[in-house]
Amino acid sequence: METRIVTIGIGGATSSGKTILAKHLRNSLHNSLIIHQDDFVPPAEKLPVDEVYGFTNWDDAPGAIDWDRMVDFLSNLKKTGNLPPDHQSFDGFNETISVPVDDEIIADWKQKSKKVASEHLEKYAQIQRLTTTKRIISNLDVRVFCRVPEDVAKSRREARAYYTPEGDTWRDPPQYWEKIVWPAYIRAHKHMFEGEDVANGKLNGKMKNLILFEGMETKIGDMINTVMQNVLDFSASKKE
C-alpha cells in the first residue's frame, strides 16, 4: 500500500493565529510538516503595484502568490509524499508569539496519530494560510479558518516584520493595512460567509466541511482537539 498524504489547510486573516496553530498541530501529528503559502510568493519585482496607492502589493490573492507553482507543488506532494529537494521555506525566520499548550494534549494526539499513521501508511502536511482558490481547496482534506477582529489582527501585524524570498525584511508602510491588507482579506473570503460578512457572518456552506474558529473565544487546546479529531476521522473514513 502506498503512503497517503493527509493535508490540512489553515486559513484566516494575517496574524489570526494560523502559524501558532499549525506548529502545535505539527507537534501533535506523527510524521508531519508545514507548507507555508508565503513560500510561493513571486520575486518582489514581479509583484503587482497597486494602481491607486502605489504600494507593492504583497497581500491581494490574485497576484501575491504563484498559484501554478503552488498547485503543482501540492499535487506532487500528494502523489509522492515527499518535498522537492530544492524547496526552501523562509517563514521560519518570521516572528511568532508563544502560546503554550498542555503537554498532555500534544502527547496524547501524537500517540494516537502515530498509531493511525502506521496503520494507514500516512503522512500529514499542513498548508498554512488556506486560500479560497478552488485548485488549492481541492487538494485539502481538512479545512480550518481562524477569525479574529480587525483591530486585533492589525495590532499584531504592526508589531511584526516579515522576511521576503530575497532575504529582506518588510514592514507595512503607513496606510498599507487600510488600503491593501484588510480589503484584500475581505475580497478573498466574502463568498464564504452569509451576507458576505467576513468579520461577523456565519459560514454559508459554500466551502464544504470548513471548521471556523473564533480566535478570541476558542482556546488553543480546544482548536487542537477539534482539528486532530477531524484528521483522524478523515483517516478512518478513507481506510482501504
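**Exercise 1. Aromatic pairs.** How many aromatic pairs does the count come to?

*Solution.* The count comes to nine aromatic pairs. The rule: rings of Phe, Tyr and Trp (its six-membered ring) pair if their centres lie within 6.5 Å; planes under 30 degrees apart are stacked, over 60 edge-to-face, the rest tilted. One of the pairs is F55 with Y176, edge-to-face, at 5.5 Å centre to centre and 85° between the planes. F55 sits in the loop between strand 2 (32-36) and helix 2 (61-64), and Y176 in helix 7 (residues 176-189), 121 residues apart. Helices (H or I, at least four residues) and strands (E, at least two) are DSSP runs, numbered from the N terminus.

This is a predicted model: local features need pLDDT of at least 70, side-chain atom pairs count only at pLDDT 80 or more, and totals for chains, interfaces and linings use all residues. Residues are numbered from 1 along each chain as its sequence is written, and side-chain values use heavy atoms, with hydrogens and water left out.

**Exercise 2. Burial and a second pair.** Classify F55 and Y176 as buried or exposed, then describe the pair F145 and F193.

*Solution.* Buried means under 20% relative accessible area, exposed over 50%, partly exposed in between (1.4 Å probe, protein chains only). F55 has 15%, so F55 is buried. Y176 has 0%, so Y176 is buried. Now take F145 and F193. Their ring centres are 5.8 Å apart and their planes at 65°, so this pair is edge-to-face. F145 lies in strand 4 and F193 in the loop between helix 7 and strand 7 (210-214), so the pair ties together parts 48 residues apart in sequence. Both F145 and F193 are buried.

**Exercise 3. The ring cluster.** Which residues do ring pairs link into a cluster?

*Solution.* The cluster consists of Y53, F55, W58, W170 and Y176, linked by ring pairs.

**Exercise 4. R147.** Locate R147 and find its side-chain polar contact with E214.

*Solution.* R147 is in strand 4 (residues 142-147). Its relative accessibility is 5%, so R147 counts as buried. Contact means heavy atoms within 4.5 Å. Leaving out residues up to four places away in sequence, R147 touches several residues, including Y185, F193, D197, L212 and E214. From R147 to F193 the C-alpha separation is 12 Å in space, and the two are 46 residues apart in sequence. Finally, a polar contact of 2.5 Å joins the side chains of R147 and E214. A polar contact is a pair of N or O atoms within 3.5 Å; within protein, one must be able to donate a hydrogen and the other to accept it, and residues adjacent in sequence count only if both atoms are side-chain atoms.
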